[in-house]
Number of protein chains: 2
Amino acid sequence: MPRPRNDTFLRALLREPVPYTPIWIMRQAGRYLPEYNQTRARAGSFLALCRDPDLATEVTLQPLSRYALDAAIVFSDILTIPDAMGLGLYFVDGEGPRFERPLRDESAIRNLAPPDPTGPLRYVLDAVAQVRRSLRDELPLIGFSGSPFTLACYMVEGRGGTDFATLKSMLYNEPSLLHAILAVNARAVAAYLNAQIEHGAQAVMLFDTWGGILTSSAYEEFSLGYMREVLSALPQRYGGERIPTIVFTKGGGLWLERIAASGCDALGLDWTIDIGAARMRVGNRVALQGNLDPAILLSSPATIEKHANAILQAFGHGSGHVFNLGHGVSQFTPTNHVEALVRAVHTASPPYHV
Amino acid sequence: MPRPRNDTFLRALLREPVPYTPIWIMRQAGRYLPEYNQTRARAGSFLALCRDPDLATEVTLQPLSRYALDAAIVFSDILTIPDAMGLGLYFVDGEGPRFERPLRDESAIRNLAPPDPTGPLRYVLDAVAQVRRSLRDELPLIGFSGSPFTLACYMVEGRGGTDFATLKSMLYNEPSLLHAILAVNARAVAAYLNAQIEHGAQAVMLFDTWGGILTSSAYEEFSLGYMREVLSALPQRYGGERIPTIVFTKGGGLWLERIAASGCDALGLDWTIDIGAARMRVGNRVALQGNLDPAILLSSPATIEKHANAILQAFGHGSGHVFNLGHGVSQFTPTNHVEALVRAVHTASPPYHV
C-alpha cells in the first residue's frame with residue numbers, strides 16, 4: 001500500500017522531514033461550508049448524513065476541493081459506538097448530542113457489549129472505504145472515535161457540557177460500574193479503529209473531549225488508562241505502513257507528559273497551551289497537533305495570518321507539527337478565512353523545515 | 001487591629017506555621033444550606049439578599065454556626081461592579097448571572113467609569129463592616145471581586161458559560177476596546193477591594209472564573225496583567241497587618257508560575273491539578289488554596305475523608321495550604337458531607353504541621 005502523494009501529514013506525525021507544516025482542521029467538513037449545508041439538507045439531518053456513505057463521502061471531500069488541506073477525515077460522529085450499542089443518539093439543535101436511553105442502572109451496564117464494527121457500524125466502514133477510494137492516494141485519510149471516557153460521559157449523563165454530576169457521582173460512589181462501562185468501551189473503540197484501518201484509514205485519532213473535567217489521578221484511572229489500552233490494541237503497521245495515532249484530550253494541557261507516554265504518536269493540543277511550551281515538555285517523544293483558537297478564524301485574514309505565524313514560530317524548527325485548530329471550526333467562520341489560514345501556514349512554514 | 005483569635009487561615013496564606021490546615025469552602029453560604037434558603041426566600045431573590053446588609057450578614061454567618069470553618073467570606077456576588085456601572089445584573093434560575101445591557105458599542109465603552117465604592121456599592125461595604133463586627137475577631141473575613149477580565153466577559157457577552165464568541169471577537173478584532181474596558185475594570189476592582197479592606201476585610205480574593213478560556217499569551221495580556229495592576233494598588237499592610245491576596249483563575253493550571261509571580265500571596269487551584277505538582281512548580285513563593293473536586297462532596301463521608309487525606313498528603317508537610325474545593329460547593333451537597341470534610345481536614349492535618 002503506497003503512501004499518498006501528499007504525505008506531509010503522515011510524515012509530520014512520525015516526525016520525519018517535511019517541506020512545510022501540514023494542516024487540517026477539526027470539523028473541516030461542517031456548517032461553515034454552504035455546500036455542506038446543501039448536502040445536509042438533502043440528507044435531512046446530521047445523523048442521516050453520517051449514515052449514508054455516498055453523502056458522507058461527498059461532504060468529506062468538500063473542504064478538500066476548496067482548500068489545500070493536507071488530510072481528509074471521514075465524516076462521522078464521535079458517538080457512533082454507544083449509538084450502535086442501542087442508546088439512541090439524537091441531536092438537539094444548537095445543543096449537541098444526546099442519548100435517549102442513558103445508562104442509569106447496573107443491569108443496563110452489565111448487559112453492555114462492544115458492537116461488531118461490521119454490523120451496526122457498517123455505514124462508517126463503508127464511508128471510510130469509499131472516501132479512501134475517492135482520494136486516489138492523493139491525501140491521507142484519518143479515522144477516529146470518541147475516547148472510552150468521553151463515550152462514557154455521554155452514555156451515563158445522556159448529554160455533554162453539563163457539570164457531569166451523574167457521571168461524577170458514579171465515578172466517586174461506584175467506580176466499579178464506571179470501570180465496567182469503560183472496559184467495554186475500550187474494547188469497542190479498539191475494534192472500531194482497527195476496522196477503520198482495515199477499510200482504509202491511514203491515521204487514527206481519539207477525541208477525549210471531556211477528560212479535562214477530571215482530577216489528575218482520575219484522568220489516569222478513568223481516561224488515559226483506557227486510551228492506552230486502545231492504543232496497544234492497534235496494529236504497529238498495516239499494509240506495510242505505520243498507522244500514526246493522535247490523542248486529543250481537551251483541557252489536558254497539565255498532563256501532556258503522561259499522554260505523550262501513552263503510546264500515541266501525536267498529541268492534539270487545545271488553544272490554552274503555548275505550543276512551544278508543550279514541545280519543551282514532551283521533547284521529541286511525540287508530534288504535536290494544533291492549536292489555533294477557533295475564535296481567531298472569526299477575525300480577519302491579517303489577524304489570522306499573524307496568529308498562525310506566532311504558532312509556527314512557537315513550535316520552531318523541525319518536523320513534528322501538524323497545524324490545526326485547538327477545537328472544531330465554528331459554523332460562523334467565513335470560508336475565505338479558512339483559506340487565509342491554510343495559505344498562511346503553507347506560505348510561512350517552509351523556513352522552519354530547512 | 002488584632003489578628004482574629006483563629007488566625008490559621010491568615011497564617012497559612014502567609015506561610016507562617018499553623019497547628020493544622022485551615023479550611024473554608026467557596027460558596028459556603030449557599031443553597032445547600034436549608035437556613036440559607038429560608039433567608040433567601042425572606043429576601044425575595046439572590047440580589048435582594050446581597051443588597052440587604054442585615055440579611056447578607058445573617059447568611060454569611062450561617063455556615064460558621066454549623067461548621068468549624070476557619071474563615072468567613074462576605075456574602076456577595078462577583079459581578080457587583082458592572083451592576084453598579086449600570087449594566088443591569090439579573091439572574092435566570094439555573095443559568096447564572098446575566099446583564100440586561102451588555103456593552104456592544106464603542107460609545108458605551110468609552111463612557112464606562114469605575115463606580116465609587118461608597119456610592120452604588122455601599123451595600124457591600126456595609127455588609128463587610130457588619131459581618132466584621134459580628135465576627136468579634138473570632139475568625140478572619142475575606143473580601144472579594146471578580147477579576148477585571150471575568151467582569152469584562154459578562155459585560156461584553158451579557159452572560160457566562162458560552163463559547164464567548166462576542167468577547168473573543170472583540171479581543172481579536174478590536175483589542176483596544178477590550179483594553180479600554182479592562183483598564184476601567186482594574187481601577188474599579190482596586191478601589192472596591194481597597195474599600196472592602198477599609199471596612200474590615202482581612203484578606204481579599206480575585207475570582208478569575210473565565211481566564212481559562214484564553215490562549216497563553218492572551219491570558220497574560222487580557223487577564224493576568226490587569227490582576228497584577230489590581231494587586232499593586234492594594235495596601236501592603238492595613239492597620240498594621242498584612243492583607244493577604246488570593247488569585248484564582250479557574251482552568252489556569254498551565255500558568256501557575258506566572259500567577260505566582262503576579263504579586264499575590266496565594267493561588268486558588270481548581271480540581272484538575274495535583275496540588276503536590278502545583279507546589280513543586282511554585283515552590284515557596286506563594287501559598288496554595290484548594291482543591292477538592294466539588295463532586296466528591298456528593299459521594300459519602302468515607303469517600304470524602306479518603307480524598308481529603310489524599311490532598312493533604314499531596315501538599316505534604318509545612319504551612320502554605322488553605323484547604324478548599326476547586327470550585328463552589330454544589331447546591332445538592334448534603335450538609336453532613338460538608339461537616340465530614342471539615343472534620344477530616346482538621347483531624348488529619350496536624351501531623352503535616354509538626
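Two strands count as paired where DSSP finds at least two bridges between them. In this predicted model, strand E10 (residues 287-292) of chain B and E11(B) meet that condition, since five bridges join them and they run parallel. Within this pair, Gly290(B) stands opposite Phe323(B) in E11(B). Helix H10 (residues 175-198) of chain B packs on the sheet, where it touches strand E4 (141-146) and strand E5 (203-208) of chain B, and the direction of the helix makes about 165° with that of E4(B).

The sheet of chain B is open and has seven strands, paired in parallel in the order E1-E4-E5-E8-E9-E10-E11. Its edges are formed by strand E1 (72-73) and strand E11 (321-325) of chain B, each of which pairs on one side only.

In chain A, an antiparallel pairing is found between strand E2 (residues 89-92) and strand E3 (residues 96-99), over four bridges. Tyr90(A) stands opposite Arg98(A) in E3(A), and in the hairpin, which has three residues between the strands, Gly94(A) takes a positive phi near 75°.

| Pair | Sense | Bridges | Residues standing opposite |
|---|---|---|---|
| E10(B) and E11(B) | parallel | five bridges | Gly290(B) and Phe323(B) |
| E2(A) and E3(A) | antiparallel | four bridges | Tyr90(A) and Arg98(A) |

Helix packing in chain A involves helix H5 (residues 80-87) and helix H8 (residues 148-157), whose axes come within 9 Å and cross at roughly 40°. The two helices are therefore oblique to each other, and H5(A) passes H8(A) in a right-handed crossing. From H5(A), Ile81(A), Pro82(A) and Leu87(A) meet Leu151(A), Tyr154(A) and Met155(A) of H8(A); by class, this contact has six nonpolar residues, with no polar and no charged ones.

Helix H8 of chain A also holds Glu157(A), which is buried because 22 other C-beta atoms lie within 10 Å, where 20 or more are required. Leaving aside neighbours within four places in sequence, Glu157(A) is in contact with Pro102(A), Thr162(A), Phe164(A), Thr166(A) and Leu167(A). Between Glu157(A) and Asp105(A) there are 52 residues of separation in sequence and 12 Å in space, taken from C-alpha to C-alpha.

Where the chains meet, the contact takes 21 residues from chain B and 21 residues from chain A. On the side of chain B that touches chain A, helix H9 (residues 165-173) of chain B gives the most, with five residues, and the residues of that side divide into eight nonpolar, ten polar and three charged.

Conventions:
Residues numbered from 1 in each chain as written. Chains lettered and ligands numbered in written order. Predicted model: local features only at pLDDT ≥ 70, side-chain atom pairs only at ≥ 80, totals over all residues. Axes fitted to C-alpha atoms, helices over the stretch in contact; angles between N-to-C directions. Parallel < 35°, antiparallel > 145°, perpendicular 65-115°, else oblique. Left-handed = near helix turned anticlockwise from the far one by under 90°. Contact = placed C-beta atoms within 7 Å. Nonpolar A, V, L, I, M, F, W, Y, C, P; charged D, E, K, R; others polar. Buried ≥ 20, exposed ≤ 12 C-beta atoms within 10 Å, placed from the backbone.
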